[in-house]
Amino acid sequence: MAQDTAVPKLNFEYWLEKAMEWGQATTLESQKDVCLHLPQLQEFLHQIYETLQRMDSIEAIQQFPLIGQLLGRLCWNPFVIGYDESQKTLMWCLCCLYSSEPQNPVELKANSWIRSLLCHLLSSSKWESNEAETSTFISTLGYTSADYYCHLVKNVSILNMNCIYFSLRVSASRVNAVSLFCLPLITLPDLTPLVETLLLYHGGASKEILSSEFLEAVNEAFLKKKISLPESAVFSLWLRHLPSLEKATLHLLDQLVSIQFNSLEEVACVIKDSLLPQAASHPAIFRIVNEIFKNTLLEADRSPEVMIIIQVFTQLFLQAHQNENKQHKFPLKAYFPYHHQPLVTALLRRPFELPTTHWSQHLKHISDMLKALVEDTNISSLSDLFEIWFLVACFGEWLDIAAEQLLKAAVEPDALLWLLAFYYCPQNENQQRTQTMVEAQAVYNHLMMLFSCTVLSVKDLEAAVQSVTDIDQCCNQHIITHLLTSFLLFSSGGHMIAEEFIYHITETTDTSKEVCSLLIRTACRINHSGEENQRTVKLLNELIKKLTPKV
């Protein structure tokens, strides 16, 4: 059985040679070599541990007579024991070699040697803070822990002295070497000042001077909350290492899509915590993050969950940009360089910046500019059309207000209906958007006749959609669902039948996610003062609670 599970002899000899070459990693060359081999070494140690688990201590020594020498050397290498899970794996390997019932002086001596190594490993700061894990090893050996000086701290102190030299002229190769030496110790709090200094240091080199392994490791530790860094250091990391920024953005999207949220505040809290909206105050970061969002939205077929994430991110980015020091603030054109600037300026206006009486006029202005861009000029490609649509979609708050204003304010409906029709049907192939506009107009006219009624039934609203010739057509379904949901929230009689009718339309049209997203956005947006709005907020909260389990 031992032969079947043996670690390949060649690999074993290779790592033993390496351990002997490295010693305690006291030279620059050996330290650099250790850092470069740490991931493969950790994998090899896991392989050894898996094999040792299937053997008793005597069998293990017979199969691997030099295993003690290998583990002993690695246990005294500060770079090895500071790297990720290597320290724990070494300890488990030593436990496998420990004789529970020593039969001779050799086994007694081996046990004593193992205990001394474990005490050395347990004395590191990483294990002192983990009592449960430590007690597991101690109880395995029937041994009590002792207070030993943490050898890693000494190593970190030496590395931290490099900080004071970075204000002077330092060679790029020296900085690169120091970044490599930090690899196994990145998550130690004592090393944070040096990590920060490295991230903020640029020197005069035209190429990146920090090792990519270091940048990736810092980003990984930050995303897993194993390291705390100031915002300036995180922003510098993402600016100098594109893969880290991409990983941080995708990590945020995965995090948000995997959780069920009932309010925009919950979404905003997670996004803020990522530091991406604050980092996006730099145009280069904003444009890259925006591009990732754009591709994700396409892949997700314009998913309501992804859309709401993008919209909240955009609002948080605008807040961060407004809070920027004027001397360091970039012009907004730097973030949207290829778009029609008057349209960008209009979309960037937040609704609370305008009196509610001016909302309809502002929306008409947006719609007119958008229509001129889309219909009165030649769009060279579908990608150009998508870019315009995505810009509008990022500011979806105005679209929700357009649906509300159509019902509540005395407006000329054509411009606002066209804006909604464009959002739900950006392409006008085979007059698709034109037909959507006609269908939406018919439903809107019917809803306006019912708007002042204090008593309504589900059949009254069903009649509003009976005139639609192709309700199953995707664009028609979405815009009509939007109009109907807004009607239920803001009309006199809509509250009474809101729950019943929303349940009806989500069951018959499979729009649960879309409706829930709209309800969450509306609950966040509307003014909480005033009796009518308080009733609406209460209704929204009840609907969201009941609809969320279906999403």
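The dialogue below considers salt bridges and then aromatic pairs.

Modeller: Please bear in mind that this is a predicted model.

Colleague: Where do Glu21 and Lys18 lie?

Modeller: Both belong to helix H1 (residues 9–22), where they are three residues apart, about one turn of the helix.

Colleague: Are Glu21 and Lys18 buried or exposed?

Modeller: Glu21 counts as exposed because its relative accessibility is 52%, and the cut-off for that class is over 50%. Lys18 has a relative accessible area of 12% and is therefore buried, the limit being under 20%.

Colleague: Which residue forms a salt bridge with Lys18 at 2.9 Å?

Modeller: That residue is Asp33, the 2.9 Å being the separation of the closest N and O atoms. Asp33 lies in helix H2 (residues 28–52) and Lys18 in helix H1, so this pair ties together parts that are 15 residues apart in sequence. Asp33 and Lys18 are both buried.

Colleague: What salt bridge does Lys294 make?

Modeller: The side chain of Lys294 meets that of Glu291 at 3.2 Å, N to O. The two are about one helical turn apart, because three residues separate their positions in helix H18 (residues 283–299). Glu291 is partly exposed at 37% relative accessibility, whereas Lys294 is buried at 7%. As for shared partners, salt bridges join Lys18, Glu21 and Asp33 into one network.

Colleague: What describes a pair of aromatic rings?

Modeller: Two quantities are used: the distance of the centres and the angle of the planes. A search of the whole structure finds 19 aromatic pairs. Among them, Phe386 and Trp389 are stacked, at 5.6 Å centre to centre with 25 degrees between the planes. Both residues lie in helix H22 (residues 382–394), three residues apart, and both are buried.

Colleague: Why is the pair of Trp389 and Tyr423 called stacked?

Modeller: The ring centres of Trp389 and Tyr423 are 5.7 Å apart and the planes stand at 15 degrees, so the pair is stacked. Trp389 belongs to helix H22 and Tyr423 to helix H24 (residues 413–424); the pair therefore ties together parts 34 residues apart in sequence.

Key:
Residues numbered from 1 in each chain as written. Predicted model: local features only at pLDDT ≥ 70, side-chain atom pairs only at ≥ 80, totals over all residues. Heavy atoms only, no water. Helix = DSSP H or I, 4+ residues; strand = E, 2+ residues; numbered from the N terminus. Buried < 20%, exposed > 50% of the residue type's maximum accessible area, 1.4 Å probe, protein only. Salt bridge = Lys/Arg side-chain N within 4 Å of Asp/Glu carboxyl O. Phe/Tyr/Trp six-rings, centres within 6.5 Å; stacked < 30°, edge-to-face > 60°.
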